[in-house]
Amino acid sequence: MNDSIRKQLNIQITNEHVASMAYLEMASWCADNDLPGLEEYFYFSAEDEREHMMEFYRYANANGCRSSIGAVPQLKNSFNSVLDILEHNLHLEQQNTIAINELAKMCHDLADYATLQFLQPFIKEQQDSERSVEELIVMVKRVGYDAKNLYFLDKQFKKLMQGKAAEGDEKE
Ligand SMILES: [Fe+2]
């Protein structure tokens with residue numbers, strides 16, 4: 001495997017790990033603000049990113065990359081509102097999309113079609129993730145996120161998570 005792809009795969013391992021940790025910090029903010037539905041949503045996102053990290057970790061090790069997690073920067077753990085935290089969520093997903101696309105471009109340019117193939121499901125998943133967070137932002141804006149709407153809004157996240165849990169059960 002090409003050296004720059006090897007290096008970039010390890011950067012992506014770190015990106016996925018950092019995203020997972022970032023979502024945990026966001027779950028804590030929700031717990032602190034009595035938003036259990038939204039807290040659960042961020043735990044789910046944290047698990048999701050950890051699974052991605054593991055897939056990259058295994059792929060890189062299986063292909064002679066000596067997988068390794070880099071430093072985790074100080075993560076944002078304070079937000080102004082539910083809208084603010086979801087906008088941060090979208091920002092994180094957009095950054096991850098850029099990183100995965102850069103890696104895909106590198107694989108294409110260096111004719112590493114095997115790694116490009118490995119990346120394909122992640123490229124699709126990034127597109128789905130961004131769309132779903134954008135939909136949540138629209139929902140939050142429509143339902144409202146001031147104190148009197150928060151109970152109802154959080155219930156919507158609870159319902160969303162129950163749907164995801166049911167989807168998970170069907171897959172098993
Ligand atoms: Fe990811």
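Which residues does Cys30 touch, not counting residues up to four places away in sequence? I found that Cys30 touches Leu35, Leu38, Glu39 and Phe42; contact here requires C-beta atoms, placed from the backbone, within 7 Å.

I noted that this is a predicted model, in which local features need pLDDT of at least 70, side-chain atom pairs count only at pLDDT 80 or more, and totals for chains, interfaces and linings use all residues. Residues are numbered from 1 along each chain as its sequence is written.

Of its 21 residues, Met26, Cys30, Leu38 and Phe42 touch the most other members. Two or more residues each come from helices H1 (3–32), H2 (36–62), H3 (82–109), H4 and H5 (150–171); helices are DSSP runs (H or I, at least four residues), numbered from the N terminus. H1 gives the largest share, eight residues.

I then turned to Val133, in helix H4 (residues 113–143). Val133 is buried, because 20 other C-beta atoms lie within 10 Å; the cut-off for buried is 20 or more within 10 Å of the residue's own C-beta, placed from the backbone. Leaving aside neighbours within four places in sequence, I found Val133 in contact with Leu86, Asn89, Leu90 and Glu93. The C-alpha atoms of Val133 and Glu93 are separated by 8.7 Å, although the two residues are 40 apart along the chain.

Finally, I examined H3, whose buried residues include Leu86, Asn89 and Glu93. Ala111, which follows H3, has a positive phi, near 55°.

How values were computed
Buried ≥ 20, exposed ≤ 12 C-beta atoms within 10 Å, placed from the backbone. Contact = placed C-beta atoms within 7 Å. Core = buried A, V, L, I, M, F, W, Y, C linked by C-beta atoms within 7 Å.
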